[in-house]
Amino acid sequence: MSPTTSATATAFLSTAPASSSSTYRRRSRLPAISASLPSSLSEEPLLIRAARGEDGLPRPPAWMMRQAGRYMASYQALSKRHPSFRERSENTDLIVEITLQPWHAFAPDGVILFSDILTPLPAIGVPFDISESKGPVIQSPVRTEEQVRELVPIDLDKLQFVGESLKILRSEIDGKAALLGFVGAPWTIATYVVEGGMTNTYTNIKRMCHTAPNVLRGLLSHLAEAISDYIIYQVNSGAQCIQIFDSWGGQLPPHVWEQWSKPYIKQIVNKIKTKCPHVPLVLYINGNGGLLERMKDIGVDVIGLDWTVDMADGRRRVGDGISVQGNVDPAYLFSPLPVLTDEIHRVVKSAGPKGHILNLGHGVLVKTPEEAVAHFFDVTRSLRYDTIFQGHVTEELQHV
């Protein structure tokens with residue numbers, strides 16, 4: 001992935017192994033996986049049912065944030081042929097090819113669009129570039145009331161490559177996995193728009209909370225409306241589930257997040273639940289350990305936990321009415337495979353037999369062994385709730 005995707009914690013996908021025999025072996029899993037599911041379970045993808053908190057699932061579904069990217073050999077090869085990240089993420093043929101790489105290689109239960117949270121910015125009047133050394137660069141940061149007024153409603157015609165890609169992907173996957181779209185939350189997008197790119201301090205936007213609150217509210221409101229329309233566009237194009245990344249929400253004190261991020265995420269969720277009530281919404285905040293109780297009433301179906309939150313504790317704090325996603329530490333993929341197996345089992349047992357989507361607590365790290373990614377999904381497919389929780393009476397989770 002590019003510096004943008006690495007920094008924004010977007011969830012991408014992986015690629016096929018270099019060996020043709022290995023590629024064939026992994027691809028040959030796909031029909032068997034589909035055929036192994038009873039017809040009653042194959043009507044909707046397993047991930048969608050888990051997101052809704054349905055009972056009676058055979059196992060947890062699994063996918064990985066940042067599934068595709070620089071750790072994969074075939075993605076690296078493609079990147080050499082197409083060195084511009086903007087080209088890779090804004091060309092339909094390349095988007096589809098990259099998105100399907102992990103699907104062919106590992107058969108995850110969720111296939112997520114290869115894109116970036118900043119992709120829709122030009123469609124609202126905020127052009128950006130990507131520097132190999134600095135990541136995203138916005139030449140004219142938005143910091144004044146006049147600049148906010150110059151923003152335009154999102155022009156979805158400028159994002160046709162997203163819609164076209166989702167339509168093709170939905171057909172290619174053919175119901176054997178869930179097709180995910182994603183967006184950035186207004187606060188997280190605003191950090192780039194105000195700071196002009198990546199930052200470690202967020203001083204400009206945090207200062208605006210106190211020195212130019214009306215300007216910041218105007219920006220966040222405009223972003224919330226644009227992001228809502230962008231989600232609806234993704235759903236209409238074939239996305240079955242949407243993940244909202246408030247990647248930098250965890251950089252705020254909880255009471256500040258409550259004021260400057262939460263209301264705008266809630267604005268998005270309310271509109272989507274009205275327009276697309278059948279589509280599950282996942283909210284992921286990097287560093288959300290101090291925010292879990294404040295996230296519960298936003299209205300999303302799933303809350304993603306990063307690896308710094310104990311899964312069992314996170315479950316208790318979120319309560320029984322919301323599904324959870326996560327939260328294996330990505331560093332476990334560098335461990336011996338038996339250690340990774342044990343950690344997967346621990347997380348699944350801690351999450352319980354309902355409403356859990358297995359994932360990492362953050363994106364796949366660069367140089368992660370492809371064999372470890374394959375093992376992650378192999379182990380997950382071998383799990384069975386009726387075996388793991390045999391004789392165990394699950395207590396209803398109580399809200400904290």
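Phe-377 has a relative accessibility of 2% and therefore counts as buried, the cut-off being under 20%. This value belongs to a predicted model.

**Aromatic pairs**
- The structure contains eight aromatic pairs.
- Tyr-202 and Trp-248 make up a tilted pair, with 6.2 Å from centre to centre and 50° between the planes.
- Tyr-202 is in the loop between helix 10 (186-195) and helix 11 (203-211), whereas Trp-248 is in the loop between strand 5 (241-245) and helix 13 (254-260), so this pair ties together parts 46 residues apart in sequence.
- Tyr-202 is buried at 4% relative accessibility, and Trp-248 is buried with a relative accessible area of 12%.
- Phe-377 forms an edge-to-face pair with Phe-376, at 5.3 Å centre to centre and 85° between the planes.
- Phe-376 is likewise buried, its relative accessible area being 0%.
- One aromatic cluster is formed by Tyr-75, Phe-85 and Phe-114.

**Packing of helix 7 and helix 9**
- Helix 7 (residues 92-106) packs against helix 9 (residues 160-173) at an angle of about 35°, and their axes are 9 Å apart.
- The two helices cross in a right-handed manner.
- Residues of helix 7 in the contact include Ile-95, Leu-100 and Trp-103, and those of helix 9 include Phe-161, Ile-168 and Leu-169.
- By class, this contact comprises eight nonpolar, three polar and two charged residues.

**Domain annotation**
- An unreviewed UniProt entry places the feature "domain: Uroporphyrinogen decarboxylase (URO-D)" at residues 61-70 and 180-196.
- Residues 61-70 are 0% helix and 0% strand, with end C-alpha atoms 24 Å apart.
- Residues 180-196 are 59% helix and 29% strand, with end C-alpha atoms 28 Å apart.

Terms used: Residues numbered from 1 in each chain as written. Predicted model: local features only at pLDDT ≥ 70, side-chain atom pairs only at ≥ 80, totals over all residues. Heavy atoms only, no water. UniProt positions renumbered as here; feature names shortened; annotations may be inferred. Helix = DSSP H or I, 4+ residues; strand = E, 2+ residues; numbered from the N terminus. Axes fitted to C-alpha atoms, helices over the stretch in contact; angles between N-to-C directions. Left-handed = near helix turned anticlockwise from the far one by under 90°. Contact = heavy atoms within 4.5 Å. Nonpolar A, V, L, I, M, F, W, Y, C, P; charged D, E, K, R; others polar. Phe/Tyr/Trp six-rings, centres within 6.5 Å; stacked < 30°, edge-to-face > 60°. Buried < 20%, exposed > 50% of the residue type's maximum accessible area, 1.4 Å probe, protein only.
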